[in-house]
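Here are some notes for a first look at this structure. Please read them with the model open beside you.

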Amino acid sequence: MLVDAHAHLHMYDAREIDEVVAELEADHIRVIAVSMDPETFVATRDVAARSDRIIPAFGIHPELAPAHVGGLSTMADLAQAAACIGEIGLDHRFVTDTSAYPSQETVFDHLLAVAADQGKVVNLHTAGAEHQVADRLAHFGITQAIVHWYSGPGDAFDRLLDLGCHFTFGPEVGRSAHIAELAARTPADRLLTETDSPGGPEWLGMGRGRPSLVRSVVSDLARIRGTSQDEITSSVAANLDRLLPSPAAG
């Protein structure tokens, strides 16, 4: 079984999603399908109904937090309907308008409290705010967390490891020496793979991505970590099953 621990299935059109679902079945890929807001969660949940390989997540992306900070009262019910909570977090790298940061923090804190109350795994965006995210996880006692596409400083990486976080590595792992170094020292029982499709690969100039791109990520990780692709695949699948057991495992 392959794992794409962070993808945006709501971003595909009707033709594409038919093809993506077929690929998930054919290639035996489990996907955590994150959302950006309530509307995209509804779309994500509809897609997840088509395959038990899709794990639907409810989240408010930090870029959209200012538009949703007034809707906190509805978020617990939406999270309850999801298998996990994400994409959530803070963004001080791509969001440069500092007036948005208080809204990001309010929404993030609220969803971390919901996750703690519901016992849900969180799927995290940390860009440029890695230490602040670690502070909030520690404050809320969150230990079941997936850090998506980490590219931040090594000291914050170590803090997040100490808090029990898992880390996804995606298409950039074969292009960034810094990310490759982090991947090399991630404990095997904290390692996950992702594609951030469809937009992540596009951002890298690789074209519109699909979860099946995770095969290339596995190949890169095997080379970087000096092991086999089978070993990477097995470790990552076991890690996801511990966090979010598949129906078969359950």
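This is a predicted model: local features need pLDDT of at least 70, side-chain atom pairs count only at pLDDT 80 or more; totals for chains, interfaces and linings use all residues.

1. Strand 2 is mostly covered, with five of its five residues buried. Ile29, Val31 and Ala33 point one way from the strand. Arg30 and Ile32 point the other way. In a regular strand the side chains alternate between the two faces of the sheet.

2. Which strands flank strand 2? On one account, four bridges join strand 1 to strand 2, and the two run parallel. Asp4 stands opposite Val31 in this pairing. Between these strands the chain passes through helix 1, and the β-α-β crossover is right-handed. Three bridges then join strand 2 (residues 29-33) to strand 3, again in parallel. Here Val31 stands opposite Ile54, and Ala33 stands opposite Pro56.3. Strand 3 is the next stop. Is strand 3 (residues 54-58) enclosed or open? Five of its five residues are buried, so strand 3 is largely enclosed by the rest of the structure. Ile54, Pro56 and Phe58 point one way from the strand, while Ile55 and Ala57 point the other way. The cut-off behind this reading is simple: buried means under 20% relative accessible area.

3. Strand 3 also pairs with strand 4 (residues 84-89). The pairing is parallel and rests on two bridges. Ala57 stands opposite Cys84 in strand 4.

4. A cis peptide bond joins Gly86 and Glu87, with omega about 10°. Another cis bond runs from Ser197 to Pro198, with omega near 0°. Pro198 is found in the loop between strand 8 (191-193) and helix 9 (199-203). Most residues other than glycine have a negative phi, and most peptide bonds are trans. Please check both bonds in the viewer.

5. The loop between strand 8 and helix 9 also holds Asp196. Phi of Asp196 is near 55°, a positive value in a residue other than glycine. Is Asp196 buried or exposed? Asp196 counts as buried, because its relative accessibility is 14%, and buried means under 20%.

6. His28 also has a positive phi, near 55°, and is not a glycine. His28 lies in the loop between helix 1 (14-27) and strand 2. His28 is partly exposed, because its relative accessible area is 44%. For this class the value must fall between 20% and 50%.

7. How many residues does the largest nonpolar core have? The core has 75 residues. Those with the most contacts inside it are Leu9, Ile32, Phe58, Val122, Leu124, Phe167 and Phe169. Helix 5 (residues 101-118) gives the most to this core, with six residues. Ile32 belongs to the buried set of strand 2, and Phe58 to that of strand 3.

8. Take Val122 as a worked case. What does Val122 touch, leaving out residues up to four places away in sequence? Its contacts include Ile85, Ile88, Leu112 and Ala115. Val122 also touches Ile142, Gln144, Ala145 and Ile146.

9. Helix 10 (residues 214-225) has twelve residues. From its first C-alpha to its last, helix 10 reaches 16 Å, close to the 16 Å expected at 1.5 Å a residue. Val214, Val217, Val218, Asp220, Leu221 and Ala222 are buried in this helix. An α-helix has 3.6 residues a turn, so residues three or four places apart point the same way.

10. What covers the buried residues of helix 10? The cover includes strand 1 (2-7), strand 7 (166-169), helix 8 (177-184), strand 8 and helix 11 (229-243). Just after helix 10, Gly226 takes a positive phi of about 65°.

11. The buried residues of helix 11 are Ile232, Thr233, Ser235, Val236, Ala237, Asn239, Leu240 and Leu243.

Definitions and conventions:
Residues are numbered from 1 along each chain as its sequence is written. Side-chain values use heavy atoms; hydrogens and water are left out. Buried means under 20% relative accessible area, exposed over 50%, partly exposed in between (1.4 Å probe, protein chains only). Two strands pair if DSSP finds at least two bridges between them. A nonpolar core is a set of buried Ala, Val, Leu, Ile, Met, Phe, Trp, Tyr and Cys residues joined through side-chain atoms within 4.5 Å. Contact means heavy atoms within 4.5 Å. The expected span of a helix is 1.5 Å times one less than its number of residues. A crossover is right-handed if, with the strands pointing away from the viewer, the path from the first strand over the helix to the second runs clockwise.
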